Amino acid sequence: MTIYFENESNISFEFDEKKQLDLLVSYVTNFVKCPYEPEVSVTIVTKERIHEMNYEYRQVDRPTDVLSFPMMEYEEPADFESDMFLRSLSVSPDTDEVILGDIVLCAEVICEQAKEYGHSELREFSFLVVHSMLHLFGYDHMEEEEREQMEQTQRMIMEQLGISR
């Protein structure tokens, strides 16, 4: 497993971000029974930068908490045998690992939402990484049925990790 990690913000958390990313990426990869070793890029950015990216990629003119950029396509979430997935399969020549995609987190929004929801920054960070990893594995929340499936999967993972509100 390879995680390329960069913190471009001026915010430091009370926990080791890299260590938590290692735990979360590994756990979600195993949870969805991914048969490949993953390669993921994770960047923590400022509110201004994620606002720009949210507008550029989603045409939404406001900051957000996390953006996910999956490299693979799935017919169903975590369906690693479908033709769609196999056609989109991208393997890193450097690591021989499957390039799942990129996660971009906003440090300021993580801090704000942790306060707003009354839980730790560790919990908010972890939730957003789990959420984003599920997107990289083909989960979505555009349709009601998809949203319910994704939320249930997120809850199960967070509970199993022992990370509660």
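**Sheet first, then the helices**

A: Let's start in S4, where Ile103 is the bridge partner of Val42. Helices (H or I, at least four residues) and strands (E, at least two) here are DSSP runs, numbered from the N terminus.

Q: Before we go on, what kind of model is this?
A: This is a predicted model, in which local features need pLDDT of at least 70 and side-chain atom pairs count only at pLDDT 80 or more, while totals for chains, interfaces and linings use all residues. Residues are numbered from 1 along each chain as its sequence is written, and side-chain values use heavy atoms, with hydrogens and water left out.

Q: OK. In what order do the four strands of the open sheet come?
A: The order is S1-S2-S4-S3, with mixed pairing. Two strands pair if DSSP finds at least two bridges between them.

Q: Which are the edge strands?
A: S1 (2–7) and S3 (66–70), each of which pairs on one side only. Across this sheet, neighbouring strands are turned by 10° against each other on average, direction ignored.

Q: Do S2 and S4 run parallel or antiparallel, and over how many bridges?
A: Parallel, over eight bridges between S2 (residues 38–45) and S4 (residues 98–106). Val40 stands opposite Gly101 in S4.

Q: And how many bridges join S3 to S4?
A: Five, and those two strands run antiparallel. Pro70 has Gly101 in S4 as its bridge partner, and Gly101 also has Val40 opposite it.

Q: How many of the residues in S4 are buried?
A: Seven of its nine, so to speak a mostly covered strand. Buried means under 20% relative accessible area, exposed over 50%, and partly exposed in between (1.4 Å probe, protein chains only).

Q: Switching to helices. How do H1 and H5 pack?
A: H1 (residues 17–31) and H5 pack at an angle of about 40°, with their axes 10 Å apart. That makes H1 oblique to H5: angles under 35 degrees count as roughly parallel, over 145 as roughly antiparallel, 65 to 115 as roughly perpendicular and the rest as oblique. Axes are lines fitted to C-alpha atoms, for helices over the stretch in contact, and angles run from 0 to 180 degrees between N-to-C directions.

Q: Who makes that contact?
A: On H1, the residues include Leu21, Leu24 and Val28, and on H5 they include Phe125, Val129 and Met133. Contact means heavy atoms within 4.5 Å. The residues divide into 10 nonpolar, three polar and one charged. Ala, Val, Leu, Ile, Met, Phe, Trp, Tyr, Cys and Pro count as nonpolar, Asp, Glu, Lys and Arg as charged, and the others, Gly among them, as polar.

Q: What about H1 and H6?
A: Their axes come within 11 Å and cross at roughly 125°, with H6 covering residues 144–161. That makes H1 oblique to H6. Leu23, Leu24, Tyr27, Val28 and Phe31 in H1 meet Thr153, Met156, Ile157, Gln160 and Leu161 in H6. This contact has eight nonpolar, two polar and no charged residues.

Q: Back to H5. Is Leu128 buried or exposed?
A: Buried, with a relative accessible area of 2%. Leu128 is found in H5 (residues 121–136).

Q: Which residues does Leu128 touch?
A: Not counting residues up to four places away in sequence, Leu128 touches Asp65, Val66, Leu105, Ile110 and Gln113.
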